[in-house]
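Here are my notes on the model, point by point. Please read them with the structure open.

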Amino acid sequence: MKPAPFEYFDPRSLPEALDLLATYGVEGKVLAGGQSLLPLLYLRLATPPYLIDINRVADLGTLHVEDGTLCIGATVRQRAVERDPTVRAGWPLIPEALRWVGHAAIRTRGTFCGSLAHADPSAELPAVVVALDGELRLASAAGERTVPAADFFVTYLTTVLEPTELLVEVRLPPPPPCSGHAFVEVARRHGDFALAGLACLLALEADGRHIAAVRLAFTGVGGTPLRAHAAEKALVGEVASPALFARAGELAQAAAEPDSDLHASAEYRRHLVGVLARRGLAQAHARAAALRGGSPAG
Ligand SMILES: Cc1cc2nc3c(=O)[nH]c(=O)nc-3n(C[C@H](O)[C@H](O)[C@H](O)COP(=O)(O)OP(=O)(O)OC[C@H]3O[C@@H](n4cnc5c(N)ncnc54)[C@H](O)[C@@H]3O)c2cc1C
């Protein structure tokens, strides 16, 4: 099927793009990598009369570090982030998660920010930015605001973005010092959206035994990424062990509110939360222990 007719705009500057959004945003759509929007247009599940293509807007395509914070502009492709040496060295959770996002061809076109704006409840990157305590810069013709990642996602395919706003950049502070990372996921086939996934960071005290900091952000187990705060609290200050990780998994399961759908039942997804917690924590802990010169939890 062909998309319904639309008027196409191709702004070259941010003010021009924001003016177009102020005029047409309520009825229209921003076009970034098109990897989620174009299928919706071709299936006529979305029929916006206006498309505002941001791909030629100057200055939205930069990936850089500012005062230790990783800044990813609106048109930076997922593949560029995945391959960037600075990201791989300082934010290794991101490339590990990106390997799970579709396939290389999709990541070559799809943008990092587009995945956040689209807010698919089974997408990997929303969980990653929540785990990293990221912030999102939103701009409109009326001004700019910054929203913590934890507050950005509202429910299925819905964020706090107003129709006249553009997500111009995501800012990701460095992970806790000496932290190990893990992105673990269960999907039916490689490249499919997650049935459930977990972005995990774990740092050890200098003694190499006690847990100094931990972040657990799940995807696929509710309308938004789930930050498992009770499980995190139960881990910090404790000596890492498989039994402790299993207990954290139970606490995360209690916090999850997954739905049943075509792909998996809510019960199975809840089961996966426990499995992924144990798996992700063990992997992140082994990496953290290696950084401290120790050995995995016994
Ligand atoms: C076959 C296939 C498999 C896939 N598998 C996965 C997967 O396993 N995991 C996964 O996470 N994703 C997957 N995707 C989706 C992919 O990651 C998309 O690239 C991503 O979700 C959207 O990014 P985009 O740049 O393509 O955005 P677009 O498709 O251009 O836009 C998506 C939505 O976000 C809005 N938008 C985009 N950018 C902005 C912005 N800067 N400000 C405001 N609104 C904006 C658009 O208006 C639109 O509503 C898959 C896609 C395909 C086609």
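1. **The parallel sheet.** Start with the open sheet of 3 strands. Its order is S1-S3-S2, and the pairing is parallel. The edges are strand S1 (7-9) and S2, each of which pairs on one side only. Neighbouring strands of this sheet are turned against each other by 25 degrees on average, direction ignored. Bear in mind throughout that this is a predicted model.

2. **Inside that sheet.** S2 pairs with strand S3 (residues 50-53) in the parallel sense, over 3 bridges. For a landmark, find Val30: Ile52 in S3 stands opposite. As a reminder, strands of a sheet pair through backbone hydrogen bonds, either parallel or antiparallel.

3. **The helix across it.** Helix H1 (residues 14-24) lies across S1 and S3. H1 runs at about 165 degrees to S3.

4. **The ligand shell.** Which residues come nearest to the ligand? They are Gly33, Gly102, Gly110, Gly114 and Ala123, out of 31 residues around the ligand. Several elements give two or more residues to the shell: strand S2 (29-31), helix H2 (37-42), helix H7 (112-118), helix H8 (124-131) and strand S10 (166-172). S2 therefore belongs both to the parallel sheet and to this list, by the strand runs as assigned. H7 gives the most, with 5 residues. By class, the shell has 16 nonpolar, 11 polar and 4 charged residues.

5. **Helix H8.** Is H8 mostly covered or exposed? It is mostly covered: 8 of its 8 residues are buried. The buried residues are Glu124, Leu125, Pro126, Ala127, Val128, Val129, Val130 and Ala131. Note that Glu124 is on that list. After H8 comes Asp133, with a positive phi near 55 degrees.

6. **The antiparallel strands.** Strand S6 (residues 135-140) and strand S7 (residues 143-148) pair in the antiparallel sense over 6 bridges. A hairpin of 2 residues joins S6 to S7. S6 also runs antiparallel to S10, joined by 5 bridges. Opposite Leu136 stand Val147 in S7 and Val170 in S10. S10 is also one of the elements that give two or more residues to the shell around the ligand.

7. **Thr86.** Buried or exposed: which is Thr86? Thr86 is exposed, because it has 12 other C-beta atoms within 10 Å, and a residue counts as exposed at 12 or fewer. Thr86 sits in helix H4 (residues 85-90). Val65 is 21 residues away from Thr86 in sequence, and the two are 8.4 Å apart in space, C-alpha to C-alpha.

8. **The H11 and H12 pair.** How do helix H11 (residues 242-255) and helix H12 (residues 266-291) cross? Their axes come within 8 Å and cross at roughly 145 degrees. The crossing is right-handed. On the H11 side, the contact is made by Phe245, Ala246, Ala248, Gly249, Glu250, Ala252 and Gln253. On the H12 side, it is made by Arg270, Val273, Gly274, Ala277, Arg278, Leu281 and Ala282. By class, this contact has 8 nonpolar, 3 polar and 3 charged residues. An α-helix has 3.6 residues a turn, so residues three or four places apart point the same way.

How values were computed
Residues are numbered from 1 along each chain as its sequence is written. This is a predicted model: local features need pLDDT of at least 70, side-chain atom pairs count only at pLDDT 80 or more; totals for chains, interfaces and linings use all residues. Axes are lines fitted to C-alpha atoms, for helices over the stretch in contact, and angles run from 0 to 180 degrees between N-to-C directions. Helices (H or I, at least four residues) and strands (E, at least two) are DSSP runs, numbered from the N terminus. A crossing is left-handed if the near helix is turned anticlockwise from the far one by less than a right angle, and right-handed if clockwise. Two residues are in contact if their C-beta atoms, placed from the backbone, lie within 7 Å. Ala, Val, Leu, Ile, Met, Phe, Trp, Tyr, Cys and Pro count as nonpolar, Asp, Glu, Lys and Arg as charged, and the others, Gly among them, as polar. A residue is near a molecule or strand if its C-beta atom, placed from the backbone, lies within 6 Å of it. Two strands pair if DSSP finds at least two bridges between them. A residue is buried if 20 or more other C-beta atoms lie within 10 Å of its own, exposed if 12 or fewer, and partly exposed in between; C-beta atoms are placed from the backbone.
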